[in-house]
Amino acid sequence: MALADTQTVPVPKHIAIIMDGNGRWAKKRGLPRTAGHAAGAETFRRIANYCRRLGVRYLTVYAFSTENWKRSSEEVAGIMKLLRRYLEEALTDMDKNRVCFRFFGDLSRLSPELQALCREAERESTDYDVQVNFCLNYGGRDEILRAAKLYAADLAAGKADPNLTEEGFSRYLYSAGIPDPELIIRPSGEMRTSNFLLWQSAYSEYVFMDVLWPDFREQDLDRAIAEYTRRNRRFGGT
Ligand code: IPE
Ligand code: IPE
Ligand code: MG
């Protein structure tokens, strides 16, 4: 029985996922990498819906990193096209899906159409049960650097407290006001962060899984949550 039907385990309030393995999934099938991204987008739809059923409040997904521009122009264009299609559909089905959208990352490098769709999705989806933070042209280092620059500008303008605290600094991050993720999942077998949520992951529990993202199903999320509940979180204490 799926976790959403039993609800005996307390689910994390904030889950983050590095949606990795699309290219390998396609390669295994002799398909172009873009077919893997299309299958990955389908998995994202399922998993976002399942998180809503589970009562997860925040789902942060890594969709495109600041380093992913190194890929071929065909692959980047394919990913951007899929994102556009996904957002157009999400805007049409907003009431059905009940997902609230936020975007983490420097959107200014995206096409004006895609930027407009992101803004529209944020505007149209205010009060829904689950908030999806979509990381697009996102990098953890870039986020921290941007926050430092914003703080420096506020300080120079006399609008910020010179005695900067961790809490004060985190207000300059894309994730301002959102609790840190308790659980970060990386499918595809890779065991690294690849520049994801560097500040916010200080005490997150990582679960690395061998499944490729397009093959990731509700039961895999159940498994990751079960693993998370077995962890002993000490936060530096005893
Ligand atoms: C993740 O899948 C999607 C993006 C990074 C955009 P990959 O495309 O990285 O898939 P692999 O890691 O090559 O299999
Ligand atoms: C991380 O995956 C970025 C996303 C999933 C969007 P990558 O495939 O880009 O990371 P590396 O290259 O394996 O570190
Ligand atoms: Mg990858």
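Guide: The model is a predicted one, in which local features need pLDDT of at least 70 and side-chain atom pairs count only at pLDDT 80 or more, whereas totals for chains, interfaces and linings use all residues. Residues are numbered from 1 along each chain as its sequence is written, chains are lettered from A and ligands numbered from 1 in the order in which they are written, and side-chain values use heavy atoms, with hydrogens and water left out.

Visitor: What makes a residue count as being around ligand 2?

Guide: One of its heavy atoms must lie within 4 Å of the ligand. The residues around ligand 2 include Tyr-62, Ala-63, Phe-64, Asn-68 and Arg-71.

Visitor: Which polar contacts does ligand 1 make?

Guide: An N or O atom in the side chain of Asp-20 is 2.9 Å from an oxygen atom of ligand 1. A polar backbone atom of Gly-23 is also 2.9 Å from an oxygen atom of ligand 1, and for a polar side-chain atom of Arg-33 the distance is again 2.9 Å. Of the 380 Å² of accessible area that ligand 1 has on its own, the protein covers 87%.

Visitor: How do you know where ligand 1 sits?

Guide: A molecule sits in a pocket if more than half of its atoms lie within 2 Å of the grid points of that pocket. Ligand 1 sits in the largest pocket. Helices α2 (22–28), α3 (33–54) and α4 (73–92) each give two or more residues to its shell, with the largest share, three residues, coming from α2. The space taken by ligand 2 is the largest pocket too.

Visitor: What makes that space a pocket?

Guide: On a 1 Å grid over the protein atoms alone, a pocket is an open set of points with protein on both sides within 12 Å along at least five of seven lines, whereas in a cavity a 1.4 Å probe fits but cannot get out. Lining residues have an atom within 4 Å of a point. The largest pocket has a volume of about 700 Å³. Among its 30 lining residues, Met-19, Tyr-62, Ala-63, Asn-68 and Arg-71 are closest to its centre. The helix α3 gives the largest share of the lining, five residues.

Visitor: Which residues lie nearest the centre of the second largest pocket?

Guide: They are Ser-170, Pro-179, Asp-180, Trp-199 and Gln-200, out of 20 lining residues. The second largest pocket has a volume of about 310 Å³.

How values were computed:
A polar contact is a pair of N or O atoms within 3.5 Å; within protein, one must be able to donate a hydrogen and the other to accept it, and residues adjacent in sequence count only if both atoms are side-chain atoms. Accessible areas come from the Shrake-Rupley method with a 1.4 Å probe; for residues, only the protein chains shown count as cover. Helices (H or I, at least four residues) and strands (E, at least two) are DSSP runs, numbered from the N terminus. Grid points are joined across faces, edges and corners, and a volume is the space filled by probe spheres set on the points.
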